[in-house]
Structure formats: structure tokens, C-alpha cells
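Here are my notes on this one, for you to read with the model open.

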Amino acid sequence: MVNNESESPAEVPRLHGWLMMSFGLLGLVLGSVWILQGLNLFENELMSDQPAWAAAGGALALTGLVLVVIGKRRRESARPTA
């Protein structure tokens with residue numbers, strides 16, 4: 001075959017878990033920013049010194065971390081064993 005292509009679609013490498021990992025990283029970063037704003041580390045912002053934003057950011061960062069771990073496991077389980 002040309003360029004080592006195989007005829008069966010089952011052997012085509014697929015991207016597994018990348019979308020979940022991307023959303024997880026986005027949630028992790030956004031949650032971290034919300035935590036810092038809620039703890040008044042970014043002064044003169046709308047959400048500064050608001051404990052509710054720190055709590056919401058913690059929940060979002062934790063959810064993002066869980067999504068990254070699940071996406072990583074999906075990527076590892078989708079690798080072909082050779």
C-alpha cells in the first residue's frame with residue numbers, strides 16, 4: 001500500500017479522549033483564575049474578594065482535573081497493542 005495505509009478501517013488510528021482533555025484543561029485554567037480572583041489575588045476586578053467565586057472556581061478546577069484524567073485514560077486504552 002501507499003504510505004503504509006491499511007485497507008481495514010479498524011486499523012486507522014483515531015483520536016480518543018482529546019476533546020475531553022481539552023475541556024478539562026480549559027476548566028482547570030478557568031477555575032484556577034476564578035479561585036485567584038475570589039481570593040482577591042487579582043485586585044480591582046469584578047469578582048475580587050468574593051468567596052463564592054473561589055468556591056465555584058474550586059469546583060470547576062476539580063471537574064476539569066477529573067475530565068483530564070478520564071480523557072488520558074481513554075487515550076491510553078485506545079492505543080493498539082503491538
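This is a predicted model: local features need pLDDT of at least 70, side-chain atom pairs count only at pLDDT 80 or more; totals for chains, interfaces and linings use all residues.

1. Let's start with residues 51-70, where the chain is 100% helix and 0% strand.

2. Residues 18-39 come out at 95% helix and 0% strand. Here the end C-alpha atoms are 31 Å apart.

3. Why these two stretches? UniProt, in an unreviewed entry, gives residues 18-39 and 51-70 the feature "transmembrane region". That label comes from the record, and such annotations may be inferred rather than shown by experiment.

4. Zooming out, the protein has 2 helices and 0 strands. Helix 1 covers residues 18-38, and helix 2 covers residues 51-77.

5. How do the two pack? Helix 1 and helix 2 meet at an angle of about 160 degrees, and their axes are 7 Å apart. Angles over 145 degrees count as roughly antiparallel, so that's the description for helix 1 and helix 2. As for handedness, helix 1 passes helix 2 in a left-handed crossing.

6. On contacts: taking those in the protein with a separation of 6 or more, 56% are between residues 24 or more positions apart.

7. Last, burial and surface. Of the protein's 82 residues, 18% count as buried. The accessible surface is about 6,500 Å², and carbon and sulfur atoms account for 62% of that.

Methods:
Residues are numbered from 1 along each chain as its sequence is written. Side-chain values use heavy atoms; hydrogens and water are left out. Helices (H or I, at least four residues) and strands (E, at least two) are DSSP runs, numbered from the N terminus. Buried means under 20% relative accessible area, exposed over 50%, partly exposed in between (1.4 Å probe, protein chains only). Contact means heavy atoms within 4.5 Å. Accessible areas come from the Shrake-Rupley method with a 1.4 Å probe; for residues, only the protein chains shown count as cover. Axes are lines fitted to C-alpha atoms, for helices over the stretch in contact, and angles run from 0 to 180 degrees between N-to-C directions. Angles under 35 degrees count as roughly parallel, over 145 as roughly antiparallel, 65 to 115 as roughly perpendicular and the rest as oblique. A crossing is left-handed if the near helix is turned anticlockwise from the far one by less than a right angle, and right-handed if clockwise.
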